[in-house]
Number of protein chains: 2
Amino acid sequence: MVAEDVVLGVDIGGTNTAMGIVGRSGTLIAETSIPTEAQKPAAVFFDRFHTQVETLLAPFRHTHNLIGIGLGAPNANYYKGTIERPPNLSWEFVDVVGTLKQWYTIPIVLTNDANAAALGEMLFGAAKGMKDFIEITLGTGVGSGIVANGEMIYGHDGFAGEIGHTIVDHNGRTCGCGRRGCLETYTSANGIRRTVDELVRTTATPSELRKIAFDDLTSKQIYEAARRGDALALQAFEVTGKYLGMALADSVAYTSPEAIILFGGLALAGDFIFTPTKHYMEEYMMNIFKNKVRLLPSALPQGKAAILGAAALIWNELL
Amino acid sequence: MVAEDVVLGVDIGGTNTAMGIVGRSGTLIAETSIPTEAQKPAAVFFDRFHTQVETLLAPFRHTHNLIGIGLGAPNANYYKGTIERPPNLSWEFVDVVGTLKQWYTIPIVLTNDANAAALGEMLFGAAKGMKDFIEITLGTGVGSGIVANGEMIYGHDGFAGEIGHTIVDHNGRTCGCGRRGCLETYTSANGIRRTVDELVRTTATPSELRKIAFDDLTSKQIYEAARRGDALALQAFEVTGKYLGMALADSVAYTSPEAIILFGGLALAGDFIFTPTKHYMEEYMMNIFKNKVRLLPSALPQGKAAILGAAALIWNELL
């Protein structure tokens, strides 16, 4: 019997690190996870990680052939294989690829979560067969992965694709990055919460959300209120879609993609976010690009996307 | 004797069409030009063009070997080889590559002026050896050519790289493209004229430019006034550099280039434009990108850049 070639896809997150064995066509053969415990030194994490990988791989030694490892992590540098001051991990600077190379001699590649999601989409999801597209991840932060000519754009330093930190309003909201008016401050999970808060304070629109304190408010509650027809929640999605659409109109002027794919929590709000985003994207778009660019939801299976993205990263290198 | 391989570089402009025979290292061996006469049908132009090319090539028949033709033109579509509703030509839709193929069986490639300038910069100019850079052309309009992973980004439809039409102020100046606040309305030759006009009307800053009617004002006069220390002219460059710097900070977040190269009339103003642009680009840039990106003037020889860019386009395809 010929052993099936597989890769290991790993998503290093602030709370948990998920990993899975993934086949060429995106089949998730087995998966597991460990707590990241990022308050402890990185060396402690990697020892536990190594043990867990070996345990995961053990049953497949004779039937499957591990040919590469792909990792997604915040603030990851593709060229150096390092994580540099990640926002939700207390590690300063970690040589991820270098550390793993002491145990594995197969190719190992690291990139940030949004780039991994984009590659996952290209190999296994909504961007299959596309050569020019943009993946936008709408989560705690707003990330992006830009693919042009069939290749991920990493840029000169490995940090390209920060559309979430392009500025949509120079006098706008303060951002975690230290500047003002970044797209992320309007279209992240926290961004829509801030929009609801603004609407509560500046409009008379009735809403069930008026009874929830800002710190208790979740984007899920906003979505559920919108489903019940709550006028203010609907308005918040409209505002969010307007900022996102405006930014995406600019994105199109940069790389003229075939499609823009929305991924992550806010993208699950369906028409509530897609309808205004599409509307304003077309409204603010330059004439030559109008009605050409598809706005699509991610087609990666929920909960598996991070592992599949990391697996796609290494498959993409190997193929 | 072995004939030297050369290409023909052609720049189709609103007034004149320039062409030259260009060697592998960017040597311009011979050049000529004809009036475009774009008010007459395109077929008339191409017949004259063909005659002129043959005249230009005749003396080199035995010593040089023409292996390709590259053309730069406004609103050119790289994939289709067509020009579509160019702003300064009365032609509706012209199949440039198709037309030339009746006479030449060698590879023929067409792209827009800014992409050609970027490729010229990559092969013969300030971006030699770079894989990730952005060329910004500051002329009558503002164009751009984006190179990532060593490849020009043409996008899905061939029209990528319209940074001049990303929006820097949604309530801003009306643009020729029908929208408001495009970068072009602030940083083109006309953009800085509009800025001077605004400063004349809204400030008390003394200036020799106050005596010149808007229709008579040229960007060259603004530059000369700045050289004489004219406070309002200097302020106009500061404003222009601020808008350009803000936009370029966003550009860096997209593709994280090694350098951004400024090309065209306004770029010739040297420190007057480079100093404020660099200052605001760094000020508005995301932390991880700060002090990494070089802002450089074009190193293509003035007056030859369009021909060399078009020649670089075809050399880049052939190599």
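Tutor: In this predicted model, 40 residues of chain B are in contact with 39 residues of chain A, where contact means heavy atoms within 4.5 Å. The area buried between chain B and chain A is about 3600 Å², and carbon and sulfur atoms give 56% of that area; buried area here is the accessible area, computed with a 1.4 Å probe, that two parts lose on being put together, summed over both. On the side of chain B, the residues that lose the most area to chain A are His156(B), Tyr254(B) and Met286(B), which together account for 21% of what that side buries.

As to conventions, residues are numbered from 1 along each chain as its sequence is written, and chains are lettered from A and ligands numbered from 1 in the order in which they are written. Local features need pLDDT of at least 70 and side-chain atom pairs count only at pLDDT 80 or more, whereas totals for chains, interfaces and linings use all residues, and side-chain values use heavy atoms, with hydrogens and water left out.

Between chain B and chain A there are 22 residue pairs in polar contact, both residues being at pLDDT 80 or more; a polar contact is a pair of N or O atoms within 3.5 Å, where within protein one must be able to donate a hydrogen and the other to accept it, and residues adjacent in sequence count only if both atoms are side-chain atoms. Strand E10 (142-148), strand E11 (151-152) and helix H7 (231-255) of chain B each supply at least two residues of the side that touches chain A, and H7(B) gives the most, with seven residues. Helices (H or I, at least four residues) and strands (E, at least two) are DSSP runs, numbered from the N terminus. Sorted by class, that side of chain B has 21 nonpolar, eleven polar and eight charged residues, with Ala, Val, Leu, Ile, Met, Phe, Trp, Tyr, Cys and Pro counted as nonpolar, Asp, Glu, Lys and Arg as charged, and the others, Gly among them, as polar.

Two salt bridges are counted between chain B and chain A, a salt bridge being a side-chain nitrogen of Lys or Arg within 4 Å of a carboxyl oxygen of Asp or Glu. Lys292(B) forms a salt bridge with Asp157(A), with the closest N and O atoms 2.7 Å apart. A search of the whole structure finds 26 salt bridges over all chains. Because Lys292(B) lies in the loop between helix H8 (271-284) and strand E13 (294-297) of chain B, and Asp157(A) in the loop between strand E11 (151-152) and helix H4 (184-187) of chain A, the pair joins two chains. Lys292(B) is partly exposed at 36% relative accessibility, while Asp157(A) is buried at 12%; buried means under 20% relative accessible area, exposed over 50%, and partly exposed in between, with a 1.4 Å probe and protein chains only.

Finally, the arrangement of the copies: chain B can be laid on chain A with an RMSD of 0.0 Å by a turn of 180° and a shift of 0.0 Å along the axis, the superposition being by least squares on the C-alpha atoms of residues with pLDDT of at least 70 in both. The two copies are therefore related as by a two-fold rotation axis. The same surface serves both copies, since 98% of the contact residues of chain B recur in chain A.
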